[in-house]
Amino acid sequence: MSRFGELSARAARECVPLTIHLELTTRCNARCLHCYEGAAHARAPRELSAEEWCAVVDQARALGTLFVTLSGGEALLSPHFWTVAEHVRRAGLALRVYTNGIALEREAARRLAALRPFSVDVTIFSLTAARHDAVTRVPGSLSRAVRGLFRLGRAGVPLTVKCPLVAESAGDHASVRRLAERLGASLVFDPHISPARDGWCGPTLCRGEDQALVSFFAHPATLSH
């Protein structure tokens with residue numbers, strides 16, 4: 001077992017939260033068909049202040065946390081994103097960011113690179129714009145996300161391409177795999193589509209068709225992992 005594996009096993013035994021996942025906001029610049037936030041987008045519940053989020057980070061660090069993931073909604077839409085992200089790094093913790101990539105313009109990419117994150121994870125459903133954008137329901141979202149990926153890649157930011165296997169695009173996993181290889185990025189495929197937080201099962205209807213999922217799991221590159 002690796003040293004990190006030993007650390008993880010010890011943390012599990014001693015109930016130490018090595019990783020925490022903070023959903024800073026329910027705001028989002030996409031309207032994905034399979035989104036589990038459900039009506040949360042419309043409700044816009046009270047969100048924590050920057051001071052409250054930073055206090056959460058400090059408490060987690062005191063408990064032994066090493067990795068902090070910032071997510072949403074769309075994490076970059078939180079008015080507190082940069083304050084919290086910078087606090088995570090000042091606390092000496094590893095930072096991971098989950099994003100749909102739509103907001104990865106030049107300035108955002110520059111500021112992310114300056115934070116030296118552990119990883120920025122960008123969701124790509126398909127390299128066919130019509131299919132990707134049909135999932136996000138935002139025209140142009142694929143081109144903006146891919147441009148953001150290459151901006152971060154040129155800046156030396158560690159990247160992960162995430163690809164939920166939804167019905168609109170589950171058959172396009174090979175092209176997404178090639179994109180990750182070109183970027184030198186890690187790659188995560190996810191066949192699990194969750195119900196909404198309020199119990200609505202609508203998002204589960206977006207799961208990839210059986211044949212597309214069989215094709216994915218039978219792919220030599222999938223089997224090799």
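Buried residues, meaning those under 20% relative accessible area with a 1.4 Å probe and protein chains only, make up 45% of the 225 residues in the protein. This is a predicted model, in which local features need pLDDT of at least 70 and side-chain atom pairs count only at pLDDT 80 or more, while totals for chains, interfaces and linings use all residues. Residues are numbered from 1 along each chain as its sequence is written, and side-chain values use heavy atoms, with hydrogens and water left out.

The secondary structure comes to ten helices and six strands. These elements are DSSP runs numbered from the N terminus, with helices (H or I) of at least four residues and strands (E) of at least two. A contact means heavy atoms within 4.5 Å. Among contacts between residues at least 6 apart in sequence, 73% join residues at least 24 apart.

The interior can be described through its nonpolar cores. A nonpolar core is a set of buried Ala, Val, Leu, Ile, Met, Phe, Trp, Tyr and Cys residues joined through side-chain atoms within 4.5 Å. The largest one has 44 residues, and Leu 70, Phe 81, Leu 112 and Ile 124 have the most contacts inside it. A second, separate core has eight residues, including Ala 30, Phe 125, Val 138 and Val 166. Leaving out residues up to four places away in sequence, Phe 81 touches Leu 24, Leu 70, Ala 75, Leu 76, Val 97 and Leu 112.

Phe 81 also takes part in a helix pair. Two packed helices are described by the angle between their axes and the distance between the axes. Helix H4 (residues 81–90) packs against helix H5 (residues 106–114) at an angle of about 20 degrees, with the axes 11 Å apart. H4 is therefore roughly parallel to H5, a term that covers angles under 35 degrees. Axes here are lines fitted to C-alpha atoms, for helices over the stretch in contact, and angles run from 0 to 180 degrees between N-to-C directions. From H4, Phe 81, Trp 82 and Glu 86 meet Ala 108, Arg 111 and Leu 112 of H5. The residues of this contact divide into four nonpolar, no polar and two charged.

Ser 71 is buried, with a relative accessible area of 6%. Not counting residues up to four places away in sequence, Ser 71 touches His 21, Leu 22, Glu 23, Leu 24, Thr 25 and Tyr 98. Thr 26 is 45 residues from Ser 71 in sequence and 9.2 Å away in space, C-alpha to C-alpha.

Some backbone geometry deserves a check. Most residues other than glycine have a negative phi, and most peptide bonds are trans. The bond from Gly 72 to Gly 73 is cis, with omega near 25 degrees, and Gly 73 sits in the loop between E2 and H4. Cys 15 is not a glycine, yet has a positive phi of about 55 degrees; its place is the loop between helix H1 (3–13) and strand E1 (19–23). Cys 15 is exposed (over 50% relative accessible area), at 68%. Arg 137 likewise has a positive phi, of about 60 degrees, without being a glycine. Arg 137 is found in the loop between helix H6 (129–136) and helix H7 (141–154). With a relative accessible area of 38%, Arg 137 is partly exposed, the class between buried and exposed.

How values were computed
Angles under 35 degrees count as roughly parallel, over 145 as roughly antiparallel, 65 to 115 as roughly perpendicular and the rest as oblique. Ala, Val, Leu, Ile, Met, Phe, Trp, Tyr, Cys and Pro count as nonpolar, Asp, Glu, Lys and Arg as charged, and the others, Gly among them, as polar.
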